[in-house]
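I opened this notebook to keep a record of what I looked up, beginning with the surface and then going on to the strands.

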Amino acid sequence: ACQEQFDLQPTSVEQSWLFAELPTREALRLVLEQTTDLRGEDLGADLAFHCALGTVQYGHAVAIDARGERCALELDCREGHIELVVPAIFLATAQLPLLVDPVLTVIPLASTTSYQGQSDLAFDYTRQEFLCVWQRSFSQTDQDVFAQRLGLDQTLVGTPFSLDFTSVSWAKPRVANNGNSDNFLVVAECSNGGVSPFWVGGRIYGNSTGALAQLTLERTGTGGSLSGDCSNPDVGGDPLELGPSYFTVVWEREFNTSDHDIVMRQVTPAGALRASFPTIVDSSFSYESRPSIGKSNGYSYANNFASQYWTIAYQRTFNIGDEDIRASQITWDGQFVSGTNNFNVSSSSLDENRPVASSPTDETVGPRR
């Protein structure tokens, strides 16, 4: 008597039920199980489910009979269920078959006709807010970086704003938080027109200070920098609400066309370079690439600096079709942890790539992992 149908589109799903017959002409109630981690909101006729990346809207529900007569339906969300009700007054004269037709629509965090992607997210505990950053394409040769504040429940705070809207191309943004200063560092792969030279740029953002001046964190030809293009930057923060504390930025450095290295540099919460020269994490004669650093070095309830480590993971080319994964660990103040410098995570004959390093687990529940 009932056929459920799905019509899939790139940004929506039309879900419908076709009733060839009805046992009664009383009100027709559809009760749907709802299982989601998204935060639900009743908008009246429609429902919305929110997360950091945007919203899924469930609505535009309508009942249509065989003559094309339509009746708009309200949706209710109750105790893990969604309810749709077709009123008896409509069913009394409706001609079968009857179609009940709601639509699920994706509403992105920021919607434009431009390409947007490469998003990243970090959290500030004191303010109980997230900062989401992403790349927006202004043209084929100019990428910009935008950001959006989010509340603890992923609701939007304010509107999207730009961290770079210059003619310099900022791509692949990454963000981390400093708990003592309650601000964020956003880093990106920068270039003029998407061609060499590539360098690492950054910008400090605080809710109370706004965005500070743009920074050059590493660029060949400038004082205190290595030679070669810089690509694929990532940044780790420090959640400890006690200073001193720093951001640690990692990137891939081109030594020559067949030899890339992994390099890091620490940045103060005010945006100053902590050392006069970057630290080389791995400078073998192999091709190392795509570094990832933990989002934070781990909160310490006992203010124990010695327990705070970042893990930096990256891939190394063994030969064509065989990438291996290696890693190093770094202390809160930028030193290599003894015995953990450039160790193998996986060196099988398989092609393993694009590693992602997590933050350490809570120190109160046993050894950090």
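I began with the surface: the chain exposes about 17800 Å², of which carbon and sulfur atoms supply 52%, with accessible areas taken from the Shrake-Rupley method with a 1.4 Å probe and, for residues, only the protein chains shown counted as cover. I note that this is a predicted model, in which local features need pLDDT of at least 70 and side-chain atom pairs count only at pLDDT 80 or more, while totals for chains, interfaces and linings use all residues. Residues are numbered from 1 along each chain as its sequence is written, and side-chain values use heavy atoms, with hydrogens and water left out.

Next I looked up the overall figures. The C-alpha atoms fill a box of roughly 80 × 45 × 45 Å along the principal axes, and 47% of the 369 residues count as buried (under 20% relative accessible area, with a 1.4 Å probe and protein chains only). Among contacts with a separation of 6 or more, 53% come from residues 24 or more positions apart, where contact means heavy atoms within 4.5 Å.

For secondary structure I found one helix and 27 strands in the chain; these are DSSP runs numbered from the N terminus, helices being H or I of at least four residues and strands E of at least two.

I then followed strand 5 (residues 47-51), where four of the five residues are buried. Strand 4 (residues 39-42) is joined to strand 5 by four bridges and the two run antiparallel, pairing being assigned if DSSP finds at least two bridges between two strands. Asp42 has Leu47 as its bridge partner in strand 5, and in the hairpin of these strands, with four residues between them, Gly44 takes a positive phi near 100°. Strand 5 also pairs with strand 6 (residues 54-64) in the antiparallel sense, over five bridges; this hairpin has two residues between its strands, and Cys51 has Gly54 as its bridge partner in strand 6.

Lastly, I turned to an open sheet of four strands, whose order is 11-12-13-14 with antiparallel pairing. Strand 11 (116-124) and strand 14 (156-164) are the edge strands, each pairing on one side only. Neighbouring strands of this sheet are turned by 25° against each other on average, direction ignored, the axes being lines fitted to C-alpha atoms and the angles running from 0 to 180 degrees between N-to-C directions. Strand 13 (residues 142-151) is joined to strand 14 by five bridges, and Phe146 stands opposite Ser162 in strand 14.

Definitions and conventions: Buried < 20%, exposed > 50% of the residue type's maximum accessible area, 1.4 Å probe, protein only.
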